[in-house]
Amino acid sequence: MSHVRCRTLLAPLVLILAIAASRTDALARDTEKSWEFGASAMVSRYAAASTLGDGYGFGVRGGYHLKAIHELEGSLDRTSADSDEVKGLSYDITKLNVDYVRVFLVKGHEKMTPFASFGVGATNVDNGTESNTATSYRTGGGFKYFFKPRVGLRFDVKIYRWHGDNHVLPGQPFFSMDATLGATFLVGGAK
């Protein structure tokens, strides 16, 4: 991994450690009519049949809580992965998604909130000369851990299904997995 990419991936982690260093005793919760946004570093694993190696990148997301437990969220993820078959060939993968997030408010655990998500989006794979965009379906889950009432850490694992086009990648369906770690911020809503 290049030094520039390593520094880019470590920036959200440094932010999270700085937030963790400042302590607060206030309770945190996802609240009705609040906005949530954040950024994260990610690792992507692709099916062997896709001929893609592991990908590393970043993502940004924003969402709106219709209720404290119901959120609609949009995200943009960018990763780079090398080909497993052709030396020196690199792919840029861009994912644009819309997800429904179901937050579970567990009594007695106000700082940590687990969630499940389901969504649809578009996955674009570009090898520098050709690109392919496919519809992707994804599901996953994770948790948010709030250091302050509106600032926290978020960890997600999502599995998604998409397909190649027989030009950029083999023309078959693939399953892939993303693991993300980043910061999350809440704005607005009830206090």
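Q: Is aspartate 156 buried or exposed, and what is its relative accessible area?
A: In this predicted model, aspartate 156 forms a salt bridge with lysine 158. A residue counts as buried under 20% relative accessible area. Aspartate 156 therefore falls in the buried class, its relative accessible area being 5%.

Q: What is the relative accessible area of lysine 158, the salt-bridge partner of aspartate 156?
A: The closest N and O atoms of aspartate 156 and lysine 158 are 3.6 Å apart, and a salt bridge requires such atoms to lie within 4 Å. Lysine 158 is also buried, and its relative accessible area is 6%.

Q: Which residues are joined with aspartate 156 and lysine 158 into one network of salt bridges?
A: The structure contains 13 salt bridges. Where salt bridges share partners, they connect residues into one network. Besides Asp156 and Lys158, this network takes in Glu36, Arg61, Glu71, Glu73, Asp77, Asp99, Arg138, Lys144 and Arg154.

Q: Which residue forms a salt bridge with glutamate 36, and in which strand does that residue lie?
A: The closest N and O atoms of the pair are 2.8 Å apart, and the partner of glutamate 36 is lysine 144. The two belong to distant parts of the chain, 108 residues apart, with glutamate 36 placed in strand E1. The partner is thus lysine 144, and its strand is E6 (residues 131-148).

Q: What is the relative accessibility of lysine 144?
A: Lysine 144 is found in strand E6. Its side chain makes a polar contact with the side chain of glutamate 36 at 2.8 Å, and both residues are buried. Lysine 144 counts as buried because its relative accessibility is 0%.

Q: How many residues apart are arginine 138 and aspartate 99?
A: Arginine 138 and aspartate 99 form a salt bridge in which the closest N and O atoms are 2.7 Å apart. Both of these residues are buried. The pair links distant parts of the chain, arginine 138 in strand E6 and aspartate 99 in strand E4 (residues 90-103), and the separation is 39 residues.

Q: What is the average twist from one strand to the next in the closed barrel?
A: The barrel has 8 strands, with antiparallel pairing in the order E1-E2-E3-E4-E5-E6-E7-E8. From one strand to the next, the twist averages 25 degrees.

Q: Which residue in E8 is the bridge partner of arginine 45?
A: Strand E8 spans residues 173-188 and pairs with E1 in the antiparallel sense over 13 bridges. Within E8, the bridge partner of arginine 45 is methionine 177.

Q: What is the relative accessibility of threonine 51?
A: Threonine 51 sits in the loop between E1 and strand E2 (52-67). Although it is not a glycine, threonine 51 has a positive phi of about 65 degrees. Threonine 51 counts as buried because its relative accessibility is 8%.

Q: What value is phi of lysine 33 near?
A: Lysine 33 belongs to the loop between helix H1 (3-21) and E1. Its phi is positive in a residue other than glycine, with a value near 60 degrees.

Q: What accessible area do Trp35, Phe37 and Val187 have together?
A: Tryptophan 35 is part of strand E1 (residues 34-46). Trp35, Phe37 and Val187 make up a nonpolar patch on the surface. Together, their accessible area is about 310 Å².

Note on methods: Residues numbered from 1 in each chain as written. Predicted model: local features only at pLDDT ≥ 70, side-chain atom pairs only at ≥ 80, totals over all residues. Heavy atoms only, no water. Patch = residues over 30% accessible without salt bridge, like charges linked within 9 Å, V, L, I, M, F, W, Y side chains within 5 Å. Areas by Shrake-Rupley, 256 points an atom, 1.4 Å probe, with all protein chains shown as cover. Salt bridge = Lys/Arg side-chain N within 4 Å of Asp/Glu carboxyl O. Helix = DSSP H or I, 4+ residues; strand = E, 2+ residues; numbered from the N terminus. Buried < 20%, exposed > 50% of the residue type's maximum accessible area, 1.4 Å probe, protein only. Pairing = 2+ DSSP bridges. Axes fitted to C-alpha atoms, helices over the stretch in contact; angles between N-to-C directions. Polar contact = N/O pair within 3.5 Å; in protein donor to acceptor, adjacent residues only side chain to side chain.
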